[in-house]
Amino acid sequence: MTSEFINQYLQRSSEIIGDRSPAEKAYDEEIVAGLEKGLQLSEALKAANRKFPSEALQIDKSMLPDIKARYDYLAEHKKILERLGINDSQ
């Protein structure tokens, strides 16, 4: 893998993930951690909402597929960064 390819991936992932405050990042990380532990998305969301009530997402069931896709992406992104030995600064 070339450094150019990695830089392109990092730039694109930054565009997909978007800017996040430290609190938003911590909330997202809590959800990803819950999913990695085998929790269902709704359970991971509830746990993160309890831990970070100011960041709690207000959702309805129609939003779940999009939210699931986002957190699946974040989980995979985390794995990619770990394999590349990159500290997640997003």
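Author: The cover over the buried residues of α3 includes α2 (22-36) and α4. This is a predicted model, and what follows describes that model.

Start with the buried set itself. In α3, the buried residues are Leu-41, Ala-44, Leu-45 and Ala-48. Seen down the axis of α3, they fall within an arc of 100°, so they line one face of the helix. An α-helix has 3.6 residues a turn, so residues three or four places apart point the same way. The face of α3 turned away from the buried side carries Lys-46 and Arg-50, and both are exposed.

Ala-48 sits in helix α3, which spans residues 41-51. Why does Ala-48 count as buried? Its relative accessibility is 0%, and the cut-off for buried is under 20%, so Ala-48 qualifies. Leaving out residues up to four places away in sequence, Ala-48 touches Tyr-27, Glu-30 and Ile-31. Ala-48 and Glu-4 are 44 residues apart along the chain, and their C-alpha atoms are separated by 35 Å.

Next, α2. Asp-28 is found in this helix. Asp-28 is buried, with a relative accessible area of 6%. Again leaving out residues up to four places away in sequence, Asp-28 touches Arg-20, Arg-70, Tyr-71 and Leu-74.

Buried, exposed or partly exposed: which is Arg-70? Arg-70 is partly exposed, with a relative accessible area of 29%. With residues up to four places away in sequence not counted, Arg-70 touches Ile-16, Ile-17, Arg-20 and Asp-28. How many residues separate Arg-70 and Ile-16 in sequence? The answer is 54, while the C-alpha to C-alpha distance is 9.1 Å.

Stay on α4 for one more residue. His-77 is found in this helix, which covers residues 64-84. His-77 counts as buried, at 2% relative accessibility. The side chain of His-77 is joined to that of Tyr-9 by a polar contact of 2.6 Å.

Now step back to the whole chain. The chain has 4 helices and 0 strands. Read along the sequence, the pattern is α-α-α-α. Taken along the principal axes, the C-alpha atoms fill a box of roughly 40 × 25 × 25 Å. There are 90 residues, and 27% of them count as buried.

Among contacts between residues at least 6 apart in sequence, 64% join residues at least 24 apart.

Last, surface and charge. The chain exposes about 6,200 Å², and carbon and sulfur atoms supply 52% of that area. There are 13 positive and 16 negative side chains. The centres of the two sets lie 6 Å apart.

Key:
Residues numbered from 1 in each chain as written. Predicted model: local features only at pLDDT ≥ 70, side-chain atom pairs only at ≥ 80, totals over all residues. Heavy atoms only, no water. Helix = DSSP H or I, 4+ residues; strand = E, 2+ residues; numbered from the N terminus. Buried < 20%, exposed > 50% of the residue type's maximum accessible area, 1.4 Å probe, protein only. Contact = heavy atoms within 4.5 Å. Areas by Shrake-Rupley, 256 points an atom, 1.4 Å probe, with all protein chains shown as cover. Lys, Arg positive; Asp, Glu negative; His and termini not counted. Charge placed at Lys NZ, Arg CZ, Asp CG, Glu CD. Polar contact = N/O pair within 3.5 Å; in protein donor to acceptor, adjacent residues only side chain to side chain. Arc of directions from axis to C-beta.
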